[in-house]
Amino acid sequence: MQCPFCKAPDTRVVDSRLAEDGTQVRRRRECETCNNRFTTFERAQLSMPNVIKRSGDPEPFREDKLRQGIEHAIYKRPVTPEAVDHAVDAVMRKLRASSEREVPSRQVGEWVMEELRDLDHVAYVRFASIYRSFEDVNAFREEIERLQALPSAEERRSQLPLIEETGARNPEPGRKRSARP
């Protein structure tokens, strides 16, 4: 890799470690010419599907557009940049997992709302109001009532161990346990 300081063509890796939950490699590099050190981040570049807009036109997926939409929704809300990164990564993982060449923008919007619902309820309602084109105050009220009826992120997380526990006790679903030891 080229040195950003002296533009020498070769640098050597001094240290490598995983970053961002194992999705990136952080490398400390040193230039052999000027001896300056710098950090690089390496991430796999995976192909993303096209997004089909409401008009029917396909558009290449753009991470910056996704991030910008989330950042508009969380404007002046107590949400950390790390939480935004996590939400963006989660939506992108869902896009890749769909294994489709084209995904409707409506589906991407629903995934964003799922992430915002866990991050901040005000941000969720802001995004939903624009995304679903709320016409009046009643639409806001209905969305807030729907949001309040859903279990919170903490409640959903606390339920996961119960599911895993049940699976661990009975590893083969459908098979009855014998009464004898």
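Arg-27 stands opposite Thr-40 in strand S3, in a predicted model. Strands here (E, at least two residues) and helices (H or I, at least four) are DSSP runs, numbered from the N terminus. The pair belongs to the contact between strand S2 (residues 24-31) and S3, which run antiparallel and are joined by seven bridges; two strands count as paired if DSSP finds at least two bridges between them.

S2 and S3 are part of an open sheet of three strands, ordered S1-S2-S3, with antiparallel pairing. Strand S1 (11-19) and strand S3 (37-43) are its edge strands, each pairing on one side only. On average, neighbouring strands of this sheet are turned by 25° against each other, direction ignored. Axes are lines fitted to C-alpha atoms, for helices over the stretch in contact, and angles between N-to-C directions run from 0 to 180 degrees.

Another open sheet of three strands has the order S5-S4-S6, and its pairing is mixed. At its edges are strand S5 (58-60) and strand S6 (102-104), each of which pairs on one side only. From one strand to the next, the twist averages 35°. Strand S4 (residues 50-52) pairs with S6 in the parallel sense over three bridges, and Ile-52 stands opposite Pro-104 in S6.

Helix H3 (residues 105-119) lies across S4 and S6, running at about 65° to S6; contact means heavy atoms within 4.5 Å.

Residues are numbered from 1 along each chain as its sequence is written, and side-chain values use heavy atoms, leaving out hydrogens and water. Local features need pLDDT of at least 70 and side-chain atom pairs count only at pLDDT 80 or more, whereas totals for chains, interfaces and linings use all residues.
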